[in-house]
Structure formats: structure tokens, C-alpha cells
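Please open the structure in the viewer and keep the selection panel at hand.

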Amino acid sequence: MRPLTAEEKARSKEARKWANKVLRKRRRTSGERLLDVKGLPAILKINDLEIVIDYELFQRYLRKLKKRHWTMKMTQSSGGRSLIINHYVDVLSKDRGSIELYELPGSQRELLKDLPIVEI
């Protein structure tokens, strides 16, 4: 996976700052329990499917899987999209696992504009 460029990081940080400002204002006025956007949000594009995730978190997991084989697939459910990373040491090994990263909540996703797109 490639790291985000300086320009992409700046765009992501600006989008996050603006979204958090709007979410703070909504919390004060309506009393809703809305969480702030964390990390560096980005749009991950895999085979014409897009998912908005925290790119820092995604990269951190892939760094931990450095000496393992892994595959990714995206699934759609009623709650939203998720990215599933299956990893293993070798084909015959029982040492396997999976990581599931969920898309950011809709309240955050609708506020994040001009995010960098990372194609895989």
C-alpha cells in the first residue's frame, strides 16, 4: 500500500477539521451523540467499489501483516460496507485470521468532502 502524499494528507486533514466542527455544532444544538472523525479519512477504491475508512488504521494493520500473505474483499450489508482482510502464513498452515474494517458512519461520511481516492 502506498502512503498518502503530502497534498492528500492536507486535503484529508482539512476535511476532517471541517466535519468535526460541524459535528460539534450539531451536538450542542440537538444533543445527539455524534463521534468525531479520527485519523486520516480517505476513499479506498477496489474494483469500482468505494469505501470511506481511516487510512492510517488501514495502513497500520497492513504493516502488522508484513510477513504474511493476505487478500482483501469488500462486502455490502444492511449496515454499510466493510473491508475484510484475510491473512495466512502459507496455504497449508492453520495460522490464519481475518480483519474486518467498517466504513465510517453515515453522519461522518456525509460531511467529508474532497477526500483523497486511493485505488487498489
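Which residues form a nonpolar patch on the surface? Select Met 1, Trp 70 and Ile 120, which together have about 260 Å² of accessible area. Such areas come from the Shrake-Rupley method with a 1.4 Å probe, and for residues only the protein chains shown count as cover. A patch is made of residues with over 30% relative accessible area and no salt bridge; nonpolar side chains (Val, Leu, Ile, Met, Phe, Trp, Tyr) are joined within 5 Å, like charges within 9 Å.

The model is predicted: local features need pLDDT of at least 70 and side-chain atom pairs count only at pLDDT 80 or more, while totals for chains, interfaces and linings use all residues. Residues are numbered from 1 along each chain as its sequence is written, and side-chain values use heavy atoms, with hydrogens and water left out.

Next, select the sheet. Three strands form an open, antiparallel sheet in the order S3-S4-S5. Strands are DSSP runs (E, at least two residues), as are helices (H or I, at least four residues), numbered from the N terminus; two strands pair if DSSP finds at least two bridges between them. Strand S3 (69–77) and strand S5 (96–102) stand at the edges with a single partner strand each, so one side of each is left without a neighbour in the sheet. Strand S4 (residues 80–88) pairs with S5 over 7 bridges. Within this pairing, highlight Asn 86, whose bridge partner in S5 is Ser 98.

Now turn to Asp 114, in the loop between helix H3 (106–109) and S6. Its phi is near 60°, a positive value in a residue other than glycine. Asp 114 counts as exposed at 55% relative accessibility (buried is under 20%, exposed over 50%, partly exposed in between, with a 1.4 Å probe and protein chains only).

Which side chain does Asp 114 meet in a salt bridge? The partner is Arg 11, at 3.7 Å, N to O; a salt bridge is a side-chain nitrogen of Lys or Arg within 4 Å of a carboxyl oxygen of Asp or Glu.

Finally, select Asp 36 and Arg 27, whose salt bridge has its closest N and O atoms 3.0 Å apart.
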